[in-house]
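Subject: Structure handover and notes

Hello,

Please read them with the coordinates open.

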Amino acid sequence: MSESNKTETMTNSISSSNTQKDSILDKNKVKNNTESNLTKSKEHQFQEIVSWLRKWGYETKDSTKDNKIEGIEYQAQITPQLPYSSGSSTPLFLEYQKDLDDGFIIRTTFELDNQTESKIKEENFDIEYSELESIIYPMNISMIKSYPSINVYKVMFHEDLTKRLFLEGLTGIIHSMSLIISKMNRRSRELVQQV
């Protein structure tokens, strides 16, 4: 092989290698831009929903910077407009998670207070939880039992999201929480009367 052929082969090899590197860099750049656009999109969606809540009169606080939960990108704390039947105003949370690109979660937690917990033991809690499932699941609301707590949540997606659909989801969470509080309070009173 002549010297010029060797040089040409080396040049072609280097050029091919550079083209592959450029192609990989371009793919990484596109991926990073897509992730960046997705994050901007999530932030924009989050801010839009927070503005809806504020317009509707919900006290809403952006708690993203205070959030200590791994995997949450954006979080807002929402105070229900009216206290629950027990008088408590357990906050709700609007959360955008890193692994959920096309939606968000609205959640809250019911927790037995110390006095009620002493009356409703874990076995009674399990029975009440089972009964609550039959009432709340048809409302398209999910629950996770973790004695002495019940986590109540709804996953919502941005595709075709309207203000009405969002408000129905939020109201569903609030109504579910009211049902849980009411049922647990009633069960607590029943147990007191049995003693």
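I will begin with one residue. Leaving aside neighbours within four places in sequence, Y96 is in contact with K42, Q45, F46, I49, G71, I72, E73, Y74, G103, F104 and H158. Please keep in mind that this is a predicted model. Y96 lies in strand β3, and at 0% relative accessibility Y96 counts as buried. One of its contacts, E73, is 23 residues away along the chain, yet the C-alpha atoms of Y96 and E73 are separated by 5.6 Å.

L94 is also in strand β3. L94 is buried, again with a relative accessible area of 0%. Not counting residues up to four places away in sequence, L94 touches F46, I49, V50, L53, Y74, Q75, A76, I78, F104, I105, I106 and F166. A76 is 18 residues from L94 along the chain, and the two C-alpha atoms are 5.1 Å apart.

For I150, the contacts beyond four places in sequence are T108, T109, F110, F125, Y129, L132, M143, I144, I180 and M184.

The sheet

Six strands form an open sheet, in the order β1-β2-β3-β4-β6-β5, with antiparallel pairing. Its edge strands are β1 (59–62) and β5 (142–146), each of which pairs on one side only. On average, and ignoring direction, neighbouring strands of this sheet are turned by 25 degrees against each other.

G103 stands opposite F157 in β6.

Two helices to look at here are α3 and α4. α3 packs on the sheet, where it touches β5 and β6, and its direction makes about 175 degrees with that of β5. α4 packs on the sheet too, touching β2, β3, β4, β5 and β6; the direction of α4 makes about 15 degrees with that of β4.

Helix α3

α3 has 15 residues and reaches 20 Å from its first C-alpha to its last, close to the 21 Å expected at 1.5 Å a residue. Which residues of α3 are buried? They are N124, F125, E128, Y129, L132 and I136. These residues cover an arc of only 135 degrees around the axis, so they are on the same side of α3. The general rule behind such a pattern is that an α-helix has 3.6 residues a turn, so residues three or four places apart point the same way. On the other side of α3, E123 and S134 are exposed.

The buried residues of α3 pack against α2 (114–119), β5, β6 and α4. Seen from the other partner, F125, Y129 and L132 are among the residues that I150 touches.

Backbone points

Most residues other than glycine have a negative phi, and most peptide bonds are trans.

- Y147 and P148 are joined by a cis peptide bond, with omega about 5 degrees. P148 lies in the loop between β5 and β6.
- N140 has a positive phi, near 60 degrees, and is not a glycine. N140 is in the loop between α3 and β5. N140 counts as exposed because its relative accessible area is 56%, where exposed means over 50%.
- D160 has a positive phi as well, near 65 degrees, in a residue other than glycine. D160 is found in the loop between β6 and α4. D160 is exposed, with a relative accessible area of 65%.

Regards

Conventions: Residues are numbered from 1 along each chain as its sequence is written. This is a predicted model: local features need pLDDT of at least 70, side-chain atom pairs count only at pLDDT 80 or more; totals for chains, interfaces and linings use all residues. Side-chain values use heavy atoms; hydrogens and water are left out. Contact means heavy atoms within 4.5 Å. Two strands pair if DSSP finds at least two bridges between them. Helices (H or I, at least four residues) and strands (E, at least two) are DSSP runs, numbered from the N terminus. Axes are lines fitted to C-alpha atoms, for helices over the stretch in contact, and angles run from 0 to 180 degrees between N-to-C directions. The expected span of a helix is 1.5 Å times one less than its number of residues. Buried means under 20% relative accessible area, exposed over 50%, partly exposed in between (1.4 Å probe, protein chains only). The arc is that of the directions from the helix axis to the C-beta atoms.
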